[in-house]
Amino acid sequence: VSTQSTGPISTGRYVFEWVSFKPSDIYCFGVGFYILWGVLRVLQMTAAFLARHSLETILQRSVFWTTVVAKSCIVGLFSFVLIPLMVGILIRLLVLIPSRVQHNETPIFFPYQEWTYGLLFFKLWFRVVTMLPDNHWKNEFERTRNEGFNFNLKRVLCNILLPICHQLLTFICLPYVFSKGIAPLFTSDLAVKNLVVRASYLSYLGLLLMWKLASFLQSWITNLHNRIRDDQFLVGRLLHNYEDSIRTRNAFPVN
């Protein structure tokens with residue numbers, strides 16, 4: 001019994017030492033036992049797979065899953081690291097810094113906090129987009145999900161990930177560059193420069209909202225004008241098929 005328990009206990013101790021935690025030997029035995037059982041189970045499944053398939057099939061499967069893992073790592077880097085981090089930085093610049101940091105204080109960024117905020121808001125945005133009626137983002141997400149593991153990496157990057165990164169980077173960099181380039185032309189006070197930098201993000205957000213509202217009003221007014229025009233000038237007017245009119249003329253020739 002002591003010989004059989006030595007392996008799981010040693011494995012569990014090594015794992016807990018790696019995470020700087022020292023529990024009792026019971027927990028070490030449990031964790032080490034499941035780790036060794038999982039390794040043996042994987043080896044057993046691998047041996048059974050090798051016995052059932054030829055070398056060519058194994059190479060094809062290896063190439064396929066290697067490609068899938070590589071593409072998944074690239075998509076995961078954007079989806080779970082870069083985009084959440086940029087979203088979290090944007091949240092801190094728009095909400096947390098103006099509301100919590102005084103004007104005479106320097107804000108401090110914590111990457112893990114920004115990443116956590118960004119991941120939560122990015123998941124919330126994803127849920128909201130997938131619940132809305134048909135739109136560009138929903139169609140792209142559903143298309144990628146339907147493709148499964150054999151998804152088109154170029155399409156995912158060009159139609160989903162890179163446009164999101166482009167919008168976020170523009171929102172983060174453009175107000176900063178504009179405020180740093182314009183403010184020194186009018187003042188040399190450091191406090192005023194910092195205030196301009198902080199206000200630039202909210203100002204840019206306000207301009208974007210006003211632009212979206214103006215575009216929506218223009219589209220709504222144009223559609224309203226077209227409906228009123230059609231209702232006024234197309235009353236009692238029938239639209240005939242051109243081919244039907246030609247066929248009618250040929251059937252009843254004019255003498």
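Predicted model: local features only at pLDDT ≥ 70, side-chain atom pairs only at ≥ 80, totals over all residues.
I started with burial: of the 255 residues of the chain, 22% count as buried (buried is under 20% relative accessible area, exposed is over 50%, and partly exposed is in between, with a 1.4 Å probe and protein chains only). Residues are numbered from 1 along each chain as its sequence is written, and side-chain values use heavy atoms, with hydrogens and water left out.

**Whole chain.** I looked up the accessible surface, and it comes to about 19800 Å², with 67% of that belonging to carbon and sulfur atoms (Shrake-Rupley method, 1.4 Å probe; for residues, only the protein chains shown count as cover). Next I checked the secondary structure and found eight helices and zero strands (these are DSSP runs, H or I of at least four residues for helices and E of at least two for strands, numbered from the N terminus). Along the sequence I read the pattern α-α-α-α-α-α-α-α. I also looked at contacts (heavy atoms within 4.5 Å): among those with a separation of 6 or more, 58% are between residues 24 or more positions apart.

**H4 and H5.** Two packed helices are described by the angle between their axes and the distance between the axes. How do H4 and H5 cross? I got axes that come within 8 Å and cross at roughly 95° for H4 (residues 111-131) and H5 (residues 136-147). The axes are lines fitted to C-alpha atoms, for helices over the stretch in contact, and angles run from 0 to 180 degrees between N-to-C directions. So I can call H4 and H5 roughly perpendicular (65 to 115 degrees; under 35 is roughly parallel, over 145 roughly antiparallel, the rest oblique). From H4, Trp 125, Phe 126, Val 129 and Thr 130 meet Trp 137, Lys 138 and Phe 141 of H5. I sorted the residues of this contact into five nonpolar, one polar and one charged (nonpolar: Ala, Val, Leu, Ile, Met, Phe, Trp, Tyr, Cys and Pro; charged: Asp, Glu, Lys and Arg; polar: the others, Gly among them).

**Arg 198.** Buried or exposed? Arg 198 sits in helix H7 (residues 190-233), and it counts as buried at 13% relative accessibility. Leaving aside neighbours within four places in sequence, I found Arg 198 in contact with Ile 97, Val 101, Gln 102, His 103, Glu 105 and Pro 107.

**Leu 85.** I found Leu 85 in helix H3 (residues 55-100), partly exposed at 29%. Not counting residues up to four places away, Leu 85 touches Pro 111, Glu 114 and Trp 115.
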